[in-house]
There are 2 protein chains.
Amino acid sequence: MDEDKLAKQVEFLKLGDLLKFVQRLNTIENSNGERRKETSGEHSWHVVLSALILAEHTAESVDLLRVVKMLAIHDLVEVKCGDVFHYEKNAGTNKKEQAAAKEIFAMLPEEQAAEYLELWEEFEERSTAESRYAASIDRMWPVIHNCRDNGGTWREKGVAFETVLSRNLHVKEGSKVLWEYLHGLITELAGRG
Amino acid sequence: MDEDKLAKQVEFLKLGDLLKFVQRLNTIENSNGERRKETSGEHSWHVVLSALILAEHTAESVDLLRVVKMLAIHDLVEVKCGDVFHYEKNAGTNKKEQAAAKEIFAMLPEEQAAEYLELWEEFEERSTAESRYAASIDRMWPVIHNCRDNGGTWREKGVAFETVLSRNLHVKEGSKVLWEYLHGLITELAGRG
């Protein structure tokens with residue numbers, strides 16, 4: 001019985017491994033100034049670490065383990081759907097991702113499949129304290145990277161200042177302190193033109 | 001006060017971002033059969049996910065959030081020291097990694113710095129149920145990948161079958177079921193020569 005469950009879980013984790021091949025739009029930079037696009041796998045690690053380290057700044061009290069579970073799986077659908085630019089998400093992409101989530105989590109033993117599908121949906125809906133905090137953490141690095149890069153993907157894709165503000169405002173619901181920090185970066189960038 | 005702590009934590013997380021540039025020895029493969037070495041950043045995500053998904057198989061009961069914290073930071077020292085082949089680790093590499101850990105975690109606010117340095121040391125020492133389980137999870141993928149690759153890095157580096165077994169035997173202390181699974185893969189590989 002344990003062996004059967006383990007076998008299913010290992011297959012699920014092997015599929016997950018493919019997230020290391022999904023390229024995101026965001027650019028990362030090493031200490032020599034070399035740059036490349038990051039993968040969704042490494043992004044997923046960095047948001048887990050960020051959620052752990054910044055946990056004292058949550059707007060509401062959270063079950064941190066649930067936050068970590070959400071962040072560890074929040075991008076898994078991309079092994080089927082690829083990474084979609086935050087400002088270009090629509091009902092169509094949401095529907096595709098929903099179908100992918102059902103398919104992927106169904107690989108797990110029954111109870112676990114239900115638990116993780118719910119966590120994924122909760123994250124998408126930002127319907128709980130945990131998902132609001134997790135979503136804030138997910139947004140913070142694209143903002144930091146784009147502000148470092150003089151607009152980065154916002155400039156490339158022509159996203160207006162007001163849209164950047166409105167589409168990231170929900171960070172405040174997850175962490176007020178974090179939002180003030182990001183808001184400062186965005187307005188400073190806007191001030192530079 | 002909150003802003004000061006946040007600023008320190010963001011600097012720590014920015015340094016952590018460099019782990020996305022540290023290349024490991026292990027090879028990953030996408031669905032088209034394309035291959036590349038994985039980075040320590042993406043490995044760190046995949047072990048966090050693995051620990052969450054396999055938690056029912058722990059040998060002892062564990063605080064899963066502590067396991068996740070350990071795995072999220074277990075390779076951070078590599079931003080200073082690089083990845084060292086498991087079978088080539090010695091007192092010298094351990095000493096360098098210890099110094100790097102002290103330096104890196106000291107970037108965090110004081111209490112948090114102490115907490116994470118302790119978690120890192122605990123992981124290295126495998127002195128608790130959490131660290132024994134975390135270490136098992138850290139070992140599972142190199143074994144699975146090398147068995148898939150007809151010996152992989154073991155063959156490249158000339159690591160004997162007995163050494164593979166003895167240096168991975170501790171997986172049993174973290175999860176008996178997982179060890180049985182890996183042991184099966186290793187002995188099957190040995191049977192093939």
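A:Arg35 and A:Asp149 form a salt bridge, with the closest N and O atoms 2.7 Å apart. A:Arg35 sits in strand E2 of chain A and A:Asp149 in the loop between H7 and helix H8 (152–157), so the pair ties together parts 114 residues apart in sequence. A:Arg35 is partly exposed, at 41% relative accessible area. A:Asp149 is buried, at 19%, because the cut-off for buried is under 20%. The model is predicted.

Over all chains, the whole structure holds 34 salt bridges. Some of them are listed here.

| Salt bridge | N to O distance |
|---|---|
| A:Arg35 – A:Asp149 | 2.7 Å |
| A:Glu115 – A:Lys69 | 2.8 Å |
| A:Glu103 – A:Lys80 | 3.0 Å |
| A:Glu56 – B:Lys5 | 2.7 Å |

The A:Glu115 and A:Lys69 side chains meet in a salt bridge. This pair links helix H6 to helix H3 of chain A, 46 residues apart. A:Glu115 is partly exposed at 33% relative accessibility; A:Lys69 is buried at 14%.

A:Glu103 pairs with A:Lys80 in a salt bridge. A:Glu103 lies in helix H5 (residues 91–105) and A:Lys80 in helix H4 (residues 78–81) of chain A, so parts 23 residues apart in sequence are tied together. A:Glu103 is partly exposed at 47%, and A:Lys80 is partly exposed at 43%.

Now the interface. Chain A and chain B each give 55 residues to the contact. They bury about 4,800 Å² between them, 71% of it on carbon and sulfur atoms. Across this interface there are 4 salt bridges. Polar contact joins 22 residue pairs there. On the chain A side, the residues divide into 28 nonpolar, 13 polar and 14 charged.

A salt-bridge network links A:Asp17, A:Lys20, B:Arg24, B:Glu38 and B:Asp75.

Note on methods. Residues are numbered from 1 along each chain as its sequence is written. Chains are lettered from A and ligands numbered from 1 in the order in which they are written. This is a predicted model: local features need pLDDT of at least 70, side-chain atom pairs count only at pLDDT 80 or more; totals for chains, interfaces and linings use all residues. Side-chain values use heavy atoms; hydrogens and water are left out. Contact means heavy atoms within 4.5 Å. Buried area is the accessible area (1.4 Å probe) that two parts lose on being put together, summed over both. A polar contact is a pair of N or O atoms within 3.5 Å; within protein, one must be able to donate a hydrogen and the other to accept it, and residues adjacent in sequence count only if both atoms are side-chain atoms. Ala, Val, Leu, Ile, Met, Phe, Trp, Tyr, Cys and Pro count as nonpolar, Asp, Glu, Lys and Arg as charged, and the others, Gly among them, as polar. Helices (H or I, at least four residues) and strands (E, at least two) are DSSP runs, numbered from the N terminus. Buried means under 20% relative accessible area, exposed over 50%, partly exposed in between (1.4 Å probe, protein chains only).
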